[in-house]
Amino acid sequence: MEDCIFCKIIKGEIPSKRFYEDDLMIVIEDISPKAVKHYLAIPKKHYKLFSDMSDSDAEELGACIKKIGDIAPSLGLENGFRFIINQGDDAEQTVFHLHMHLIGGQKLYSCDYRNHD
């Protein structure tokens, strides 16, 4: 997509420090980290939601997830990490290009997801 910030980063139009790259995805540092280590794993193919994916896209996303497990130690996530994908408005997805947050480098405590009125 022409106005997608992640597509521009993937194309090299917006500079970013890449911690990993292959034919399917890039891994960059989040510009607004929520932990000591906070990376974004971004598939190179643009789609917003799981429901937008083709079967082929789903296979590629599976390969990306597998690779994240392989590279986690090189990212400083050898003791574990939280894996988050925000989907849609209620999840506060802010960039509409599916991406995965990898958060760690410190002890992460449970989140309370109960509705707070």
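Modeller: Gladly! Let's start with a term: a residue is called buried if its relative accessible area is under 20%. Keep in mind, too, that this is a predicted model.

Biologist: Thanks! How many residues of strand 3 are buried?

Modeller: Strand 3 covers residues 37-43 and is mostly covered. Against that cut-off of under 20%, the buried count is six of its seven residues.

Biologist: Which strands pair with strand 3 in the antiparallel sense?

Modeller: Strand 2, residues 25-29, runs antiparallel to strand 3 and is joined to it by five bridges; in this pairing Ile28 stands opposite Leu40. Another antiparallel pairing, also over five bridges, involves residues 100-104, where Tyr39 has Leu102 opposite it.

Biologist: Nice. How many disulfides are there?

Modeller: A disulfide needs two cysteine sulfur atoms within 2.5 Å. By this rule, Cys4 is in no disulfide, as the nearest cysteine sulfur, that of Cys7, lies 3.7 Å away. That is too far for a bond, and the count is zero.

Biologist: And are Cys4 and Cys7 buried or exposed?

Modeller: Cys4 has a relative accessible area of 7%, and Cys7 has a relative accessibility of 6%. Because buried means under 20%, Cys4 is buried, and Cys7 likewise counts as buried.

Biologist: Last one: which residues make the nonpolar surface patch of about 230 Å²?

Modeller: One member lies in helix 2, residues 55-71: this is Ile65. At 38% relative accessibility Ile65 is partly exposed, so it passes the patch cut-off of over 30%. The patch is made by Ile65, Phe81 and Phe83.

Methods. Residues are numbered from 1 along each chain as its sequence is written. This is a predicted model: local features need pLDDT of at least 70, side-chain atom pairs count only at pLDDT 80 or more; totals for chains, interfaces and linings use all residues. Side-chain values use heavy atoms; hydrogens and water are left out. Patches are made of residues with over 30% relative accessible area and no salt bridge: like charges are joined within 9 Å, nonpolar side chains (Val, Leu, Ile, Met, Phe, Trp, Tyr) within 5 Å. Accessible areas come from the Shrake-Rupley method with a 1.4 Å probe; for residues, only the protein chains shown count as cover. A salt bridge is a side-chain nitrogen of Lys or Arg within 4 Å of a carboxyl oxygen of Asp or Glu. Helices (H or I, at least four residues) and strands (E, at least two) are DSSP runs, numbered from the N terminus. Buried means under 20% relative accessible area, exposed over 50%, partly exposed in between (1.4 Å probe, protein chains only). Two strands pair if DSSP finds at least two bridges between them.
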